[in-house]
Amino acid sequence: MQKINIFDTTLRDGEQSIGVNLNELEKLEIAKQLERLGVDIMEAGFPASSKGDFQAVQTIANSIRNSSVTGLARAHKQDIDIAWDALKDSVEPRLHIFLATSPIHMTYKLQKTPDEVLASAVEAVKYAKQKFPQVQWSAEDASRSDKWFLVKIITEVIKAGATVINLPDTVGYSTPAEYGNLFTFIQQNVPNIDQVILSAHCHDDLGMATANSLAAIENGARQIEGTINGIGERAGNAALEEIAVALHIRNDFYKAKTGLKLNEIKHTSQLISKLTGMVVPGNKAVVGANAFAHESGIHQDGVLKEASTYEIITPELIGVSSNSLVLGKHSGRHAFKQKALELGFELTPEKLKEAFDSYKALTDRKKEVTEDDLFTILADKQTEQINVKTYELQNIQVQYGTNNVPTATVVVKAPDGRFLEEAATGAGSVEAIYNTLSRMIDEPIELMDYKLQSIGSGRDALADAYVKVKYDGIESGGRGSAQDVLEASARAYLNAVNRVIVQEEIKKERLHV
Ligand code: KIV
Ligand code: ZN
């Protein structure tokens, strides 16, 4: 079996998805889960792009011990120096330099001749290699580049010290056959190619990112880049969970495997969906809520007789044990703490107690508390445990009647400890709540998006609300869950505001240091 290295770029290319804006603590939480999942390399950000990105990359580089942490850089000395400052204390400092090689990009974006591009690439890799033991070089827009120019530039950057060569399908233009052929061509024509690992990086504009990545593996790629849930620029990146599971299920064909712990896939997907606010479509391969559901009578009948008739992947493979918890109504704190650790949550004793209380309250109200419910409770508490004073929802009351104007009365504890009480009306109940909350909060808030979904099935399922707001001029996404949709909606709104407050506090603390 050929081992395929997994290069996760959820925190860099994935974070470039429209509307996604993770703060440093959320990035660290995701990085720890990616480490648990067993990714070989994680791209934590683009250190030279902003102070926030620098800090996040540095924090992740200093905390992660079982995956190699990398950061992106343009072919500029300044970017490389900044990236070195962020990554130098990581277990295996690794840099990812990119430079476009296609005629379109070189002419219009870079406004450089091919010879100038070649010289910049070689100079950047040589410079980086003086600091970093591992240097990956990416030929941005490789799939639309001249193949012989690629041969020339790759030969030279390998001589300059690159250890990984990446051939991105930057705009998701390639077909599987073309992309596979590119890998074969490069291996046949670059004389020193055996000194490096070849990597594939695909985007999903034509829905072919997974197929293209697998075609690259068939043709010699030994590293695959992508994101969890396939999030990323435009239509997104290749979904790593799809590639890893495809290699596992069809190992008879691909004869290749990853080092991922496949049973961490579901939790990783849920965490990323929760923190980014990007909902996973129900029919999404591998991690969608319906990926293991059978609706038609013929299928149900077949599965009952013999699961393999219609099921090629078991839910257990990706960590969906049986959706009912092993914890019961009478489970104690100790068992609860163990389960939380098993799910990857390290909470302070205070937040663990609050999570336990919420769990107990839910077992009183809900017939069957599922692992997804528990995950939601724990993830909410983990977000709250950041030591910054924020808005806390105390009480909410809504009056609604088909012929009355909906009115909400809300009590909130403000960051300064005061209890605020307000009431307002709206065209609907959610709008009444949001109008009330925005009256209580000092800075103007603009609601930009609102989504509601249920966690699990059944009439007593938890509601999960997602909102995007502009608060204090900053766009922020927030999520909230509760058994009642109105409470979940209020929590999501406050969560979005609180995330801006936390981010601002972190920035202020940094300035004091
Ligand atoms: O899609 C792309 O080309 C990239 C590069 C920075 C590798 O993300
Ligand atoms: Zn990309």
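Colleague: Which residues are around ligand 1?

Modeller: This is a predicted model. A residue counts here if one of its heavy atoms lies within 4 Å of the ligand. The residues around ligand 1 are Arg12, Asp13, His96, Phe98, Ser138, Glu140, Pro168, Thr170, His201 and His203.

Colleague: How do the residues of that shell divide into nonpolar, polar and charged?

Modeller: Phe98 and Pro168 are in the shell, and both residue types count as nonpolar. The division is two nonpolar, five polar and three charged.

Colleague: What percentage of ligand 1 does the protein bury?

Modeller: Start with the side-chain contacts. An oxygen atom of ligand 1 is 3.1 Å from an N or O atom in the side chain of Asp13. For the His201 side chain the distance is again 3.1 Å, and for that of His203 it is 3.0 Å. Alone, the ligand exposes 260 Å², and the protein buries 95% of that.

Colleague: Where does the second largest cavity lie?

Modeller: Its volume is about 30 Å³. The lining includes Gly19, Val20, Tyr466 and Arg499. Residues come from both domain 1 (2–276) and domain 4 (392–512), so the cavity lies between domain 1 and domain 4.

Conventions. Residues numbered from 1 in each chain as written. Chains lettered and ligands numbered in written order. Predicted model: local features only at pLDDT ≥ 70, side-chain atom pairs only at ≥ 80, totals over all residues. Heavy atoms only, no water. Polar contact = N/O pair within 3.5 Å; in protein donor to acceptor, adjacent residues only side chain to side chain. Areas by Shrake-Rupley, 256 points an atom, 1.4 Å probe, with all protein chains shown as cover. 1 Å grid on protein atoms, 1.4 Å probe; cavity = no way out; pocket = protein on both sides within 12 Å on 5 of 7 lines; lining within 4 Å. Points joined across faces, edges and corners; volume = space filled by probe spheres on them. Domains from an automatic or database assignment.
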